[in-house]
Amino acid sequence: MQTEKMTGSRIVIETLIEQGVTDVFGYPGGQVLNIYDELYKASDRINHVLTAHEQGASHAADGYSRVTGKVGVVIATSGPGATNLVTGIATAMLDSIPMVAITGNVPTTLIGKDSFQEINITGVTLPITKHNYFVSDVNELADTIREAFQIAKSGRPGPVLIDIPKDVQVAECEFEFKGLVPATKQPEAPDCDIDKAVELINKAKRPYIYIGGGAAGAGMTADVEALAEKLDGYIGCTFMGLSAIPNSYERFLGMQGMHGQFASSMANKEADLIIGVGVRFSDRATGNTAKYSKNAKIIQLDTDLSEINKNVKVELGLIGDIVSSLKRILERCEAKTNPEWREIVEGFKAKGKSISDEAERRSKGAMTPKKIFDIINEIKDADTVIATDVGQHQMWAAQYTDFEKPRRFASSGGLGTMGYGLGAAIGAQIASGDKTILITGDGSFGMNLNELATAVSYNTPVIIVVMNNGVLGMVRQWQTLFYGKRYSNTVLDRKTDFVKLSEAFGAKAERVATLDEFRAAFKNAMEHDGPYLIDTLIDMDEFVLPMLPPGGSIDDIITTKEAKV
Amino acid sequence: MRSVIAVYVENKYGVLTRVSGLFMRRGFNIDSLTVGETDDPKFSRITITLNGDDYAREQLINQLKKLHNIKQVKLLESGSSVERELMLIKVANTAETRSEIMAAVEIYRAKIIDYTTAALCIEVTGEPSKINAFIEVLKPLGIIEMCRTGVVALERGGSIMEK
């Protein structure tokens, strides 16, 4: 047993390295000085990325995790440093992203006295972490960090916060070197339940496999495709399931729901069996749950038992390791042919295409989002990572991006965090080493554009496509449809010159107003080694279509801007 | 519908906050929550009574099971478990009401634990329905203040709830 006496702050670094961490994101401050001192000494073994703001660091750790599946790590000081992590931690929580956040705090003798930069961050983050710790004894520090990593990555992943007061960082104890702690093996769904599932599946004539973040995170691409082949069925996904199945796969219908594809939403509605894999039947994906898929029997595969029957009532819940459940189903179910179902769904595909063609034809702007994405898809390669902020541009990215490989998409789904994208893109790029494209809007980008400084400092090859329409487009779309065109506070009309701004940060930038200009700029950006912003001027009245109104269903689909609701 | 749920937890930092925070976050309405150490000081036992439908009960149990410091969650069926609650209740001590109070104390097998010329303090234990009935009896006699512990419950017979 190899042990060594060391300080708490050194234990933090040694335990991170022991748990396989190679990169951390963060921002120093008074109560993490000791940890940063140890980072300095260990800089040949662990890379620290300094962001412009702790929120950016938290999103970077999140983006890092989304493209690698590794636990993202972020470090911040006490008080405001810690509270600046809150949005990033909540984003990771809602999307089940494994993350460990380490915060310093005032010495234990000053805790509870409203000391300078003291905040009870374990209390603040209680509802937005999978678990959190306040470490009051240096002897418990190493095992606490190990346990935090294990919790973050086991079962349904999520963020874990560890708050370490300064005196615990300074105190010394014996540190025992241990190995990487693996994720806890999840229980497997009982065989009798798998048999029940197979029985339901064998009877189905219209099977629809509905995958979410759980399936994407568990790397189930091959098994999901194999099941679709064997059942002669189709696959649709939630927003969080995007990029798990290549868009080119003919049985893949794309994202369903509020801004989803017509074909997947219709297939979901007309299916006689829905196999939900790592999905939580969120309101954005299902619409009105009272009207949701009344004709179908639902089988739900999830490792989190509280998700079964939470949002929709299911016929059968397979609680346990979803990879094992799906593999066992795949082995036992009968191979089928469903020509009738294929004909119906091919009809939905054709109808969906005509709906989007019609919407595209009615678009007045020359630079329609679809045409912009056509160019991006043509030029990007299979490894290119797409990150987004939140709003119309995000939904266009979800609808139009041709994903070719898993883990190539970083976007805030559950929380819908505007300002997520730039930090996440930087984290994703550093993690993957691949070209990363941030699709953003002028509203979202304005929230955390300070991270341009980070991208410039590290010369991170992130292409920032600002779909600039001068308005908060998604809110404007709702105001157009549901609020009598009263555009309350959504016309930004800011005088910010994103090109000059980028140049001031030290990044390359261009402004484009035509598709040809966009194509040329995008090629330049792909060849450039470093951050590159393309200020892309689009029409303020572009819509994200189709749209299912909130609380509605596929029967209420809005397909054109002119539609009355 | 009323349910009684027993929860076996590690005695760790913030565990009670985690449990009670969950009720707020998920919008559960609970009637009572009691907590105390077990024979092993590393663990505590929480008893929760909840008024809600099957959906609320199932969600509460499943969400509790996800909390890291929680070792076991069990629904206690009313037929196969015993429940008790303790109440301290203070009533005005007057010549006109004293004998009636004493009679009620006798019948409900309660105990007078403090006596002054101004007030009587009474201790009573039993199932919540008995406590409620006792309160109704004392109401017209002048309740000054009262305090209930909430329900504690154990399964009948030899079955145990372990970590």
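Let me start with a definition: a residue counts as buried if 20 or more other C-beta atoms lie within 10 Å of its own, as exposed if 12 or fewer do, and as partly exposed in between, with C-beta atoms placed from the backbone. Please keep in mind that this is a predicted model, where local features need pLDDT of at least 70, side-chain atom pairs count only at pLDDT 80 or more, and totals for chains, interfaces and linings use all residues. Residues are numbered from 1 along each chain as its sequence is written, and chains are lettered from A and ligands numbered from 1 in the order in which they are written.

So, Met474(A): is it buried or exposed? Met474(A) is buried, because 23 other C-beta atoms lie within 10 Å. You'll find Met474(A) in helix α21, residues 473-482; helices here are DSSP runs of H or I, at least four residues, and strands are runs of E, at least two, numbered from the N terminus. Leaving aside residues up to four places away in sequence, Met474(A) touches Gly391(A), Gln392(A) and Val544(A), where contact means C-beta atoms, placed from the backbone, within 7 Å.

Now let's zoom out to the domains. Chain A is assigned domain 1 (3-176), domain 2 (191-348) and domain 3 (364-541), with bounds from an automatic or database domain assignment. Between domains 1 and 3 of chain A, the C-alpha centres are 30 Å apart. Their contact takes 25 residues from domain 1 of chain A and 26 residues from domain 3 of chain A. Which element gives the most on the domain 1 side? That's α3(A), with 12 residues.

Notes. Contact = placed C-beta atoms within 7 Å.
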